[in-house]
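Hi everyone, thanks for coming along.

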Amino acid sequence: MGIVIRIGHVLREITRGGLAGVVGGLIVGGIGGRIVMRIAALANPDATGLRTENGEIVGAITANGTLALILFGGLAAGLVAGVVWVVIRPWIPGSGLRRVVVTMPIAVALGGPVLVKASNPDFVILGPDGPLVAMLIGLVGVAGAAVATLDGWLDRRLPLPEAHPIRSIVVYGIVAGLGGLLAVPITLATYFQSNLRPEAFALMGLAVVAAGVATLLSWIGRITSGEVEAMPAPVLPIVGRLGLLVAVAIGGWILLADTSAILAAE
């Protein structure tokens, strides 16, 4: 049963990270996004009645609009956050509060460019741009902190595979498999089918993929080594952390460039 338990632990990690990403995205990305848009509308009453890039009417709070933002905007963001978190989490230093704090700027670099786009006409409609950009960047940082916090909370509460190994593989395998089928294509599209700075986004995506390959190989090593907490091969942490560092650097550059362009046009 040893290998079954080790597989169960890996699937539990994937499930834990994916759930943390989805819940964090729904709460922060969906509800938080609605709050940010409402504040921006109140700060610019002249925009009332205009339509945003997503077709929403500025100043109008409707059940359909809120539900769409939470389920589609928040859920999509959560699925992407779950995938990215699962593949980069092993290479983020620290634990507990320290990991939460470190995750915030990483989330801003990897997720900020998706929200803060110089080509988005909403920055013209909902100006002034500076406060809106700051709120969006802050929202992404809070989402990162929420995902890291939820991951730790779930780690303390999700059943360990030792008690029911076969059941753990079935349950965690179904959750991880279904989540992957939904989330991985959306994540790949986010990084590799971006219309804005496609080369930079693709390079950032490749760096995340490199970190993901290192994570995958570390899982395989744990399953085949005979130890649940086996240390990965020495090269894997180097590849994983380097991939994460490169992705953060590229994402930070994209975010800085777009923020500068938005503020320059204000």
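Which helices each supply at least two residues of the nonpolar patch? They are α6, spanning 165-192, and α7, spanning 198-225. Please keep in mind that what you see is a predicted model.

Let's walk over the patch itself. The top contributor is α7, with 7 residues. As an example from the other helix, take V184, which sits in α6. With a relative accessible area of 35%, V184 counts as partly exposed, and a patch residue has to be over 30%, so V184 clears that cut-off.

Now let's go inside. In soluble globular proteins, nonpolar side chains tend to be buried together. Here, the largest nonpolar core has 37 residues, and the members touching the most others are I14, I88, L110, M204 and L244. Two or more residues come from each of α1 (2-43), α2 (63-88), α3 (96-115), α5 (129-155), α6, α7 and α8 (235-264). And here is α7 again: the largest share of this core, 9 residues, is from that helix.

What does L110 contact, once we leave aside its neighbours within four places in sequence? The list is V84, I88, Y191, M204, L244, A247 and V248.

One last stop: there is also a second, separate core of 12 residues, with V116, L139, A143 and L255 among them.

Methods:
Residues are numbered from 1 along each chain as its sequence is written. This is a predicted model: local features need pLDDT of at least 70, side-chain atom pairs count only at pLDDT 80 or more; totals for chains, interfaces and linings use all residues. Side-chain values use heavy atoms; hydrogens and water are left out. Helices (H or I, at least four residues) and strands (E, at least two) are DSSP runs, numbered from the N terminus. Buried means under 20% relative accessible area, exposed over 50%, partly exposed in between (1.4 Å probe, protein chains only). A nonpolar core is a set of buried Ala, Val, Leu, Ile, Met, Phe, Trp, Tyr and Cys residues joined through side-chain atoms within 4.5 Å. Contact means heavy atoms within 4.5 Å.
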